[in-house]
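Welcome! Please take a look at the model first.

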Amino acid sequence: MRKGFLAVTAWAVAFALGLGTADAARADEQAPVNGLIYLINTDPASEIDGLLKWEIELRDRGITAMIKASTPVLETYPEVFKRLAAEGHEIIGGYAGICWDKPYEEQLEALRTVKAYMEGLTGKPMRVFACSYSSYDENTLRAAEALGVPYVLARGTEDVRALIYRPEEYDAGIIEVSNVEFGELGKGSLCDISLYARGATEADFAQVFAESVAKAPDSMILVSHPHIGGAKVGYWEVYADALASPAVTWRSFDDWLDQLTVLERPYAEIPENREVQYLEPRPAVPLEELADLPEVGAKIVMFHNGLGPMCKEAEEFLDALDYPVEEHPVGEKNFLPLLERYRVQFEASEGVSKDFEYFPLIFVKDRAFSGFNAAVKAAIEEVIGAE
């Protein structure tokens with residue numbers, strides 16, 4: 001258990017809230033919360049390192065997450081999201097627009113476009129559609145039903161409790177995320193950036209999570225924007241303690257759904273939350289002043305064509321490593337600018353070519369390799385093993 005931040009066990013929750021030993025004992029007897037991790041990447045300008053950190057951590061713990069990314073992010077890191085989908089993470093369709101009161105035809109076309117792209121990328125059905133701010137209305141449900149998308153995402157109305165509302169009129173469910181209150185800026189998701197934007201510190205986030213677990217909801221969703229939660233020391237400590245907490249059983253999307261309460265009602269009787277009061281962030285500390293995790297930036301970056309024997313051998317090698325990997329195949333959007341951003345840092349490459357003549361081009365720490373053979377493999381193992 002890490003020190004310096006609130007360890008989220010039933011006893012820590014009890015004492016953090018000033019409860020007595022009898023209350024603490026009752027907390028120990030509570031059934032674990034049915035928990036789901038939800039990761040959101042929307043800004044292609046943000047490094048992918050935080051998501052890679054989450055990928056390794058969840059893989060080591062045998063947990064998968066629900067993950068949303070904007071189309072620009074997916075276009076920048078297609079291989080990362082293909083890999084995440086293959087590992088069992090639920091990649092959901094993210095739409096940058098706000099869906100409240102948007103005409104049906106516009107929502108239908110937006111959902112159709114997102115669905116086609118997502119399914120083409122991952123090779124799997126898109127099962128969840130999420131608009132900006134988890135907004136939705138009746139037209140969103142109509143569009144989801146028309147295109148066979150089982151769920152839309154919504155802002156929570158049951159405090160920290162997550163659940164599904166199923167309107168009687170539509171064959172589509174509404175997944176409501178956990179929603180918590182902090183300070184004068186009202187409620188938002190149980191999430192690093194949501195609380196950060198409302199002036200919360202890392203310690204506040206730990207306290208809010210502890211209080212949320214102490215409420216003993218049957219289900220909850222813990223959200224992270226990985227450029228904060230997977231990159232900043234204080235926030236990552238809170239998530240690491242949460243992942244290790246016996247108070248929550250973290251499940252895959254399907255297993256989480258199996259344990260989730262479903263309430264069927266007429267659409268008009270389903271509560272709705274349109275509260276978004278923190279459009280202008282009011283952080284207590286600027287993001288750039290928050291300390292980074294020491295391993296931020298520790299990753300292997302490979303540019304390749306996916307066809308030649310050296311590229312295929314390199315892919316097999318990297319797939320077997322328990323180390324963050326960022327891949328870029330020839331033909332992806334912004335391939336050349338991304339490659340040049342790395343190549344200009346080196347006068348020459350190591351490996352099969354000294355002049356960056358052969359794919360794959362692999363960058364790790366302060367070394368660059370062109371082509372792949374036993375010597376390159378050994379060199380990479382040496383570099384990452386020296387950490």
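## The largest pocket

The lining of the largest pocket divides by class into 17 nonpolar, 11 polar and two charged residues. Here Ala, Val, Leu, Ile, Met, Phe, Trp, Tyr, Cys and Pro count as nonpolar, Asp, Glu, Lys and Arg as charged, and the others, Gly among them, as polar. This is a predicted model, in which local features need pLDDT of at least 70 and side-chain atom pairs count only at pLDDT 80 or more, while totals for chains, interfaces and linings use all residues. Residues are numbered from 1 along each chain as its sequence is written, and side-chain values use heavy atoms, with hydrogens and water left out.

The volume of the largest pocket is about 680 Å³. Of its 30 lining residues, Ile40, Ser132, Tyr133, Ile193 and His225 are the closest to the centre. On a 1 Å grid over the protein atoms alone, a pocket is an open set of points with protein on both sides within 12 Å along at least five of seven lines, a cavity is a set where a 1.4 Å probe fits but cannot get out, and lining residues have an atom within 4 Å of a point. Grid points are joined across faces, edges and corners, and a volume is the space filled by probe spheres set on the points.

Strand E1 (33-41), helix H4 (71-76), strand E9 (187-189) and helix H8 (192-197) each give at least two residues to this lining. H8 provides the largest share, four residues. Helices (H or I, at least four residues) and strands (E, at least two) are DSSP runs, numbered from the N terminus.

## His225

His225 sits in the loop between strand E10 (219-224) and helix H10 (226-229). Its relative accessibility is 14%, so His225 counts as buried (under 20% relative accessible area, with exposed over 50% and partly exposed in between; 1.4 Å probe, protein chains only). Leaving aside residues up to four places away in sequence, His225 touches Ile40, Cys191, Asp192 and Ile193, with contact meaning heavy atoms within 4.5 Å.

## The cavity

One cavity of 30 Å³ or more is present in the structure. The largest cavity holds about 50 Å³ of space, and its lining includes Tyr196, Glu202 and Tyr235.

## A charge over a ring

The charged end of Arg142 sits over the ring of Tyr104, 3.8 Å from the ring centre. This calls for NZ of Lys or CZ of Arg within 6 Å of the ring centre and within 35 degrees of the ring normal.
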